[in-house]
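Please keep the sequence and the structure in view while reading.

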Amino acid sequence: MTALPVPTLTAHTAAYWHEAANGRFVLPRCRRCERFHHHPRPWCPYCWGTDLEWQQPSGRGTVLTYTVVYQPPSPAFAAPYVLAVIELAEGPRMMANVIDCSPEDVEVGASVEVTFEPRGEVAIPQFRLAERS
């Protein structure tokens with residue numbers, strides 16, 4: 001089986017990937033407008049501020065939209081799998097897989113929580129369906 005791809009780390013993303021490898025979901029948060037953003041970059045996409053800090057959001061979100069992938073881009077990926085746009089509770093949106101469930105269990109509006117998929121020395125933030133209360 002082909003190995004899953006590993007992200008390329010940069011000066012602006014290394015903390016994101018390494019913290020995920022330690023089981024911590026962190027995002028840049030602007031000290032000026034106090035908003036989280038994703039993807040990690042050296043400026044705030046809302047106010048263009050550059051005074052950022054890494055903070056831990058809740059890790060909870062909602063499925064905005066999704067697709068079930070039946071023809072993966074590489075033999076490394078086992079299909080079918082769910083690729084979703086997740087709106088985090090704090091506002092940012094990100095693409096990730098919804099894992100540890102059947103694709104039929106995923107729906108728009110579903111509550112999800114972050115989990116991590118180890119890949120070498122880093123980990124990929126993914127999401128699983130949240131426990132219903």
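Is His 37 buried or exposed? In this predicted model, His 37 has a relative accessible area of 0%. Buried means under 20%, so His 37 counts as buried.

## Surroundings of His 37

His 37 sits in the loop that runs between β1 (27-30) and β2 (52-55). Leaving aside residues up to four places away in sequence, His 37 touches Leu 27, Pro 28, Trp 43, Cys 44, Pro 45, Tyr 46, Leu 52 and Pro 92.

## Largest pocket

The volume of the largest pocket is about 280 Å³. Its lining is made up of 14 residues, and those closest to the pocket centre are Met 95, Ala 96, Asn 97, Ile 124 and Gln 126. Two or more lining residues come from each of α1 (14-21), β4 (81-88), β5 (93-98) and β7 (122-129).

β5 gives the most to this lining, with four residues. By residue type, the lining of the largest pocket holds 10 nonpolar residues, three polar and one charged.

## Second largest pocket

The second largest pocket has a volume of about 240 Å³. It is lined by 16 residues, of which Ala 78, Pro 80, Tyr 81, Asn 97 and Ile 99 are the closest to its centre. The elements that supply two or more residues to this lining are β4, β5 and β6 (111-119).

The lining of the second largest pocket divides into 10 nonpolar, three polar and three charged residues. Asn 97 is listed among the residues closest to the centre for the largest pocket and for the second largest pocket.

How values were computed:
Residues numbered from 1 in each chain as written. Predicted model: local features only at pLDDT ≥ 70, side-chain atom pairs only at ≥ 80, totals over all residues. Heavy atoms only, no water. Buried < 20%, exposed > 50% of the residue type's maximum accessible area, 1.4 Å probe, protein only. Contact = heavy atoms within 4.5 Å. 1 Å grid on protein atoms, 1.4 Å probe; cavity = no way out; pocket = protein on both sides within 12 Å on 5 of 7 lines; lining within 4 Å. Points joined across faces, edges and corners; volume = space filled by probe spheres on them. Nonpolar A, V, L, I, M, F, W, Y, C, P; charged D, E, K, R; others polar.
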